[in-house]
Amino acid sequence: MSSTEDKLRDFYNAEIAPLQGKVALAPAGPGADEGSYYVTRPEQARMQTDFRAALQTPEDIGAALDALWAGTALAGLGAKLAELSGCIETPEDTGTVSQLIYEMF
Amino acid sequence: MSEPVTILGLSALYHDSAAALVRDGQIVAAAQEERFSRVKHDRRFPVNAINYCLEAGMVEPDELTAVVFYDDPVLTTDRIVRTLAHSGDKGLAQWLKSAPGLLGAKMRVPQLVAAELGANLPVLFTEHHQSHAASAFFPSPFDDAAILTIDGVGEWATTTLGHGSGNQLQIEQDIHFPHSLGLLYSAFTVFTGFKVNSGEYKLMGLAPYGQPIYAGVIRDNLIDIRPDGSFRLNLDYFGYLDGEGMTNERFAALFGGPPRQAESRITQREMDMAASIQQVTEEAVMAMARHLKTRTGAANLCMAGGVALNCVANGKLLASGLFDNIWVQPAAGDAGGALGAALLVAHHRHDAPRAAAAPGRDRQQGSYLGPELSNEEIAAYLDFNDYPAHRVTDDERASRVAAAMAEGKVIGWCVGRMEYGPRALGARSILGDPRSAQMQSAMNLKIKFRESFRPFAPAVLRDKVADWFEMDADSPYMLMVAPVRPELRIEQSFSTAEDLRAIVNRPRSTIPAVTHVDYSARVQTVDGVDKPDYSDLIAAFDALTGCPVIVNTSFNVRGEPIVCTVQDAYRCFMRTDMDVLVLENFVLFKDEQPAFADSQNWRDEFELD
């Protein structure tokens, strides 16, 4: 087993697997009894203007995630993901996509 | 004079990587990485496509105003982490598979850009569905339109409803992952033995052979569609949250057994499943469109996202008259996100005006946005290899090729800038005579080496489309399906016990090669504005035969990206039963070519799609 895989496995077991049941899968939306499953965006989220210009490093992304996750069981995980990112080399991609599952990860 | 605002848009790292260059709000160039790398649906950072776009725009990397990536890494990471956390221990395998890409590439896009372009440029990010929405609205002919985007998944959104006006657009409502019409369709694609991301088109083509006997099962068990078109999936039947595949055993039990194995015989069950999911998809799309019409009051509709490539649903939406006009981005899948992201930054961040467009014309330039061959380059290649060819004028090319088609010859046609998007639109196409009853089967089996049931599309002169098909609208991107006119049909019926190949080979109209089993056709209308060489060819065929319709299919074999270069085109020509190859102003005949020593079997080179 490679050391990278060890690091990833350890991280998952320590930081992500224990979150099961503690975080919502998706952002809160309407329930089945409300007549519609559409989530209506608040006015300020409807038009893109800043284009995440402040996100230039993994640390920036980690900080943005922690801001998003403040007050939830995910709080603090953003900085840890950014730190882990620093240990992972950009993978050699074969360029093929999965045959069996939509590429969503 | 102020500096031009030059934006490079990128889509990458999931599937169908691409680059697009926009200057002062006008599209300069756009191309998919797969065309250069020769890897279908290539997801790698699109170095080759970027190089092409910069060259086409005659711009150095440090002259770019900004680079924009088509997806938001914060929201995507949020979804991935929450999905894995939801799975608990079962998510470990998915994490080990996806984490290197997430942590090593998707969180480091600015670093990848700096390394590949050799310049420190501001890197911006849009939301995935905002990219789709921008790709749908900004190149459209409309000043005002409702916008509908539907795909597998972006960050959280799988469907968005919005509105565009002038050089601005807004997303107003979403449906969130894991509830996804695109993923539902993909689940059926995999279950019926086709591949995700490429087999959805096959499933749609298979649908007319079946009966929608499972539509009720789907509505009762898999998806709850509200009257306003919003929907929710029953996740008990799907495996994609845990990365275990699209469907699970409960799904299989609903449809009477395990999934079909790829390349095995297609049975009536698969045909009926295809018909059923197609019907439910159309119901959902129609309901969403009605809701959007009520909400916006717009006369026009723009669409993008992978589900917008469902031209059968698009055709029914157009025929319904719900909107006066519909425009679908031809690169509706993720590749189009590169263009949408660039346009969104140009208009929203830099307030660039939209490109000028003649009345009724769009701003997509026919989607002929890729590289083109030069006669000098072709001549050098042919001379070097001693390949016999005939140099012709534009007029001679049209008349000679039309005559060859009328004799039943199959033509490889490489003229003008390559198409942006999954469809060949007459720049990298294989062409033939639609009046031949054997043409569909012959082209599928001897030239494309693909499944015999798959239909071919007609390209028809715009001013004669209503004489041949039940539509009188522009469809330049082959994204609308319409019925062949009743008086041209040959009435028939088939039983569910019949072999698929026997049904395929039965003539269904006077243009059987482009008439699907339900008399439908995926129409491309052609006029002389965006593509005069193609229009001239069809007009010459019409003058010879009285038929202003030709067969148009993509210039490739099964599993191969559409050809890009002279070398790609010649190799594909020689590997297949094509008769004539047109490379700009050079015409090559197969029977004049030297024996072709293929260094590689294409079946080994290209994985079947």
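**Chat about chains A and B**

Reader: Is B:Gly546 buried or exposed?

Author: B:Gly546 is exposed, with 8 other C-beta atoms within 10 Å. Exposed stands for 12 or fewer such atoms, buried for 20 or more and partly exposed for anything in between, with C-beta atoms placed from the backbone. This is a predicted model, in which local features need pLDDT of at least 70 and side-chain atom pairs count only at pLDDT 80 or more, while totals for chains, interfaces and linings use all residues. Residues are numbered from 1 along each chain as its sequence is written, and chains are lettered from A and ligands numbered from 1 in the order in which they are written.

Reader: Where does B:Gly546 lie?

Author: In the loop of chain B between helix 19 (532-545) and strand 19 (549-554). Helices (H or I, at least four residues) and strands (E, at least two) are DSSP runs, numbered from the N terminus. B:Gly546 is 23 residues from B:Ala569 in sequence, and their C-alpha atoms are 30 Å apart in space.

Reader: New topic. What is the strand order in the open sheet of chain B?

Author: The five strands go 3-2-1-4-5, with mixed pairing. Two strands pair if DSSP finds at least two bridges between them. Strand 3 (26-32) and strand 5 are the edge strands, each pairing on one side only. On average, neighbouring strands are turned by 20 degrees against each other, direction ignored.

Reader: How many bridges join strand 2 to strand 3 of chain B?

Author: Six, and the two strands run antiparallel. B:Ala20 stands opposite B:Ala30 of strand 3 there.

Reader: Which strands does helix 2 of chain B lie across?

Author: Helix 2 (residues 47-57) lies across strand 1 (6-11), strand 2 and strand 3 of chain B, and runs at about 150 degrees to strand 3. Such angles run from 0 to 180 degrees between N-to-C directions, and axes are lines fitted to C-alpha atoms, for helices over the stretch in contact.

Reader: What about helix 6 and helix 13 of chain B, at what angle do they cross?

Author: The axes of helix 6 (residues 128-137) and helix 13 (residues 335-349) of chain B cross at roughly 85 degrees and come within 7 Å. The two helices are therefore roughly perpendicular to each other, a label for 65 to 115 degrees; under 35 is roughly parallel, over 145 roughly antiparallel and the rest oblique. Residues making the contact include B:His132 of helix 6 and B:Leu343 of helix 13.

Reader: And what makes a contact?

Author: Two residues are in contact if their C-beta atoms, placed from the backbone, lie within 7 Å.

Reader: OK, chains. How many residues of chain B are in contact with chain A?

Author: 76 residues of chain B are in contact with 56 residues of chain A. Helix 3 (73-87) of chain B gives the most to the chain B side, eleven residues. That side divides into 35 nonpolar, 25 polar and 16 charged residues. Ala, Val, Leu, Ile, Met, Phe, Trp, Tyr, Cys and Pro count as nonpolar, Asp, Glu, Lys and Arg as charged, and the others, Gly among them, as polar.

Reader: Which strands are joined by bridges across the two chains?

Author: Strand 1 (residues 39-40) of chain A and strand 8 of chain B run antiparallel, joined by two bridges. A:Thr40 stands opposite B:Gln173 in strand 8 of chain B.
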